[in-house]
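Let's take a walk through a protein model together. Keep the picture open while you read, and look up each residue as it comes along.

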Amino acid sequence: MSETSGVFRASGVVTFTTDFGLKDPFVGVLKGQVLLRFPQARLVDLTHEIEAHWPASAGFWLARSFRYFPAGTVHVAVVDPGVGSARAIAAVEAEGHAFLAPDNGLLAPVLESAQAPVSRRVSDEVLRRIGVGVVSATFHGRDIFAPLAAEMAAGRLAPADLGAVVGDLVPGWLDEPVVAAGQVTGSVVTIDHFGNLITNLEARHVRRHRCGSLVTRCRCGAPTPTCGPGSTSRWSIPSG
Amino acid sequence: MSETSGVFRASGVVTFTTDFGLKDPFVGVLKGQVLLRFPQARLVDLTHEIEAHWPASAGFWLARSFRYFPAGTVHVAVVDPGVGSARAIAAVEAEGHAFLAPDNGLLAPVLESAQAPVSRRVSDEVLRRIGVGVVSATFHGRDIFAPLAAEMAAGRLAPADLGAVVGDLVPGWLDEPVVAAGQVTGSVVTIDHFGNLITNLEARHVRRHRCGSLVTRCRCGAPTPTCGPGSTSRWSIPSG
Amino acid sequence: MSETSGVFRASGVVTFTTDFGLKDPFVGVLKGQVLLRFPQARLVDLTHEIEAHWPASAGFWLARSFRYFPAGTVHVAVVDPGVGSARAIAAVEAEGHAFLAPDNGLLAPVLESAQAPVSRRVSDEVLRRIGVGVVSATFHGRDIFAPLAAEMAAGRLAPADLGAVVGDLVPGWLDEPVVAAGQVTGSVVTIDHFGNLITNLEARHVRRHRCGSLVTRCRCGAPTPTCGPGSTSRWSIPSG
């Protein structure tokens with residue numbers, strides 16, 4: 001990678017990750033608001049089936065997905081239990097990509113895995129400058145995130161324009177895995193389409209345990225209440 | 001808004017609202033038929049999870065969503081219990097947007113909420129002119145709506161080309177809310193992704209009642225048969 | 001159709017048919033990988049709700065849908081029980097369209113219904129040439145199919161570049177319908193969004209039977225285990 005690989009240069013691509021579901025028109029409305037400001041935007045859904053109000057899953061998938069998109073992509077993630085409160089909007093620039101999300105820990109997995117990420121909080125001044133005025137209490141995706149993403153994807157707003165660099169975004173939702181003699185402890189992040197429980201354990205965590213990387217995905221008959229994504233319950237890997 | 005704000009000028013954007021679901025290839029086929037005629041179209045899903053054969057919900061969301069899209073957008077809504085019968089195709093032009101739907105009451109909420117809407121029924125002659133010949137009995141979305149939307153989004157067909165202005169589209173599916181002393185009566189339109197019952201009551205209907213605008217959305221444990229969207233049952237807001 | 005109608009000339013459109021579902025970011029990642037190589041691609045989902053590991057349904061819908069897309073479309077179908085094994089990648093060119101899928105019988109319905117299809121297996125050499133190196137054992141959609149589709153949609157890779165013509169792709173999953181006196185036997189392929197059982201029987205199979213084409217779709221109260229898509233169980237049409 002060149003020395004400037006970390007700098008965001010807009011590619012015109014915007015991805016969306018939300019817990020809005022596809023039953024209602026909310027995702028479509030987000031896209032309408034982007035196209036209103038930037039008709040040439042190319043819009044890609046990452047997923048809209050994040051568990052309601054569970055930012056950990058959104059950040060988990062985003063951190064594992066963003067590198068498959070062109071550099072210069074704006075990744076918008078809105079899983080926002082605190083919508084309408086005073087929580088800030090976080091912007092991260094990393095490896096040539098830009099990320100926008102509520103400052104609620106959602107982006108923590110991106111910060112952990114990306115090289116040399118730079119974090120900012122979006123200033124009220126920049127929102128005023130792009131004409132975001134009175135916003136709803138319940139739909140910041142439409143009223144704030146979509147306009148911001150459009151301006152960035154169009155190359156009219158750079159990460160450095162968004163606000164001052166900060167070092168203290170809200171921390172993530174999951175404890176780091178704990179590796180001990182004969183036991184590795186991690187968290188179930190989500191359940192995928194095929195019924196696999198997806199955890200935050202990686203191959204390196206179980207390298208020295210007998211059952212190896214296979215158990216980082218546990219295929220269950222049916223999810224039980226204790227391993228649902230909302231409970232962040234732990235399960236232990238039996239090893240010798 | 002300027003004096004000509006109501007005139008439709010194609011932006012190239014097409015939105016889709018249907019009850020087709022996403023399990024089958026029907027939505028994809030609609031888009032293929034648009035791209036066949038207008039490769040530059042930008043296609044946005046509003047939702048495909050409208051309750052089967054319940055146009056009220058499609059019109060409800062469309063009326064509340066269309067203004068978030070660029071002027072010049074063509075909004076296609078196909079929830080069509082009468083497909084294959086002699087029902088006409090309705091076209092509405094309002095606030096610079098164009099709407100295409102079966103003439104079955106679906107567009108009534110748009111007519112109620114939009115400024116100076118103009119309604120037409122699509123003539124057989126215009127269908128012949130754009131090369132829509134023999135059509136299937138079951139898939140007018142593909143055979144009629146997609147070609148029409150493509151021609152309009154491409155700017156080759158204006159609302160005025162579609163047919164004569166009419167004043168009598170089929171009326172909507174929902175009774176208007178009734179505001180009485182101590183009681184407001186409305187209809188449940190749909191249940192959203194988060195489990196909220198969505199009604200056609202607005203803040204103005206409950207302005208003078210004690211519980212205020214909060215109750216225009218009722219969060220239930222589980223939907224009961226009496227408040228499903230197909231039953232258009234009423235519930236009363238207890239107020240003092 | 002002209003004499004050259006069977007030749008693939010890239011239109012820039014790519015369709016996707018998978019069993020990935022929409023809960024996880026896998027479909028989005030596929031699209032990111034296409035846009036990375038060909039930013040002008042126009043991407044259309046056919047469906048991502050194919051029953052897990054049931055290629056028959058993917059091929060069935062693809063064969064019935066592809067003609068509604070512009071000639072020059074690349075159709076990518078990934079339902080791949082054998083991912084990670086030595087199974088080849090099949091490429092079919094037919095009626096001006098290109099198809100990419102695992103060589104597991106998925107494309108058999110396309111071969112049966114299309115005029116003058118030409119089949120190939122994708123050579124390792126062409127993968128190396130487009131820079132597809134080490135691939136994962138579990139996600140060939142992202143690592144192989146998306147890059148191939150991007151190169152073809154961009155017009156940089158023609159069907160003839162993919163490999164030698166072959167005459168023996170893996171056969172399809174469904175038995176041909178059997179028409180006998182008083183009985184027609186077919187297979188249930190899938191259950192659609194509206195609850196219809198979809199079979200591989202067509203009007204021509206029941207032409208001489210009393211109940212006619214109506215029974216090629218059987219509306220059931222609830223699907224029973226014996227007619228699930230994975231079982232390929234048969235049902236008989238009662239006729240006189």
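Predicted model: local features only at pLDDT ≥ 70, side-chain atom pairs only at ≥ 80, totals over all residues.

## Ground rules

First, a term we'll need: a residue is called buried when its relative accessible area is under 20%, exposed when it is over 50%, and partly exposed in between (1.4 Å probe, protein chains only).

Residues are numbered from 1 along each chain as its sequence is written, chains are lettered from A and ligands numbered from 1 in the order in which they are written, and side-chain values use heavy atoms, with hydrogens and water left out.

## How the copies are arranged

Turn chain A by 120°, with a shift of 0.0 Å along the axis, and it lands on chain C with an RMSD of 0.0 Å (superposed by least squares on the C-alpha atoms of residues with pLDDT of at least 70 in both copies). The two copies are thus related as by a three-fold rotation axis. Within chain A, Arg42(A) has the C-alpha nearest that axis, at 5.1 Å.

Do the copies use matching or different surfaces to meet? Only 11% of the interface residues of chain A are also interface residues in chain C, so they meet through different surfaces.

The size of an interface is often given as the accessible area lost when the parts come together. Here, chain A and chain C bury about 1,700 Å² between them, and 63% of it is on carbon and sulfur atoms (buried area is the accessible area, with a 1.4 Å probe, that two parts lose on being put together, summed over both). Three residues, Tyr68(A), His193(A) and Phe194(A), supply 36% of the area that chain A buries against chain C, more than any other three. Each chain puts 19 residues into the contact, where contact means heavy atoms within 4.5 Å.

The interface of chain A and chain C has one salt bridge, meaning a side-chain nitrogen of Lys or Arg within 4 Å of a carboxyl oxygen of Asp or Glu. Lys23(C) forms a salt bridge with Glu51(A), and their closest N and O atoms are 3.1 Å apart. On the chain A side, β2 (42–47), α2 (55–65) and β9 (183–191) each supply at least two residues; helices (H or I, at least four residues) and strands (E, at least two) are DSSP runs, numbered from the N terminus. The largest share, five residues, comes from β2(A).

## A residue with neighbours in two chains

Now find Thr47(C), which sits in strand β2 (residues 42–47) of chain C. Thr47(C) is buried, at a relative accessible area of 2%. What does Thr47(C) touch? Leaving out residues up to four places away in sequence, Thr47(C) touches Leu22(B), Lys23(B) and Asp24(B), along with Phe16(C), Thr17(C) and Thr18(C).

## Salt bridges inside the chains

Side chains of opposite charge can pair when their charged atoms come close. Over all chains, the whole structure has 39 salt bridges. In one of them, Glu202(A) pairs with Arg64(A), with the closest N and O atoms 3.0 Å apart. That pair links distant parts of the chain, 138 residues apart: Glu202(A) is in the loop between β10 (196–199) and β11 (217–219), and Arg64(A) is in helix α2. Glu202(A) is partly exposed, with a relative accessible area of 31%.

Arg121(A) and Asp103(A) also form a salt bridge, 2.7 Å from N to O. Arg121(A) lies in strand β6 (residues 118–121) and Asp103(A) in the loop between β5 (97–102) and α3 (108–113), so the pair ties together parts that are 18 residues apart in sequence. Asp103(A) is buried at 7%, whereas Arg121(A) counts as partly exposed at 25%. There is also a network of salt bridges linking Arg37(A), Glu151(A) and Arg156(A).

Most residues other than glycine have a negative phi. Glu95(A), though, has a positive phi near 50°, and it is in the loop between β4 (89–94) and β5 of chain A. Ala116(A) has a positive phi of about 50° too, and its place is the loop between α3 and β6 of chain A.

Are these two residues buried or exposed? Glu95(A) counts as buried at 16% relative accessibility, while Ala116(A) is exposed at 67%.
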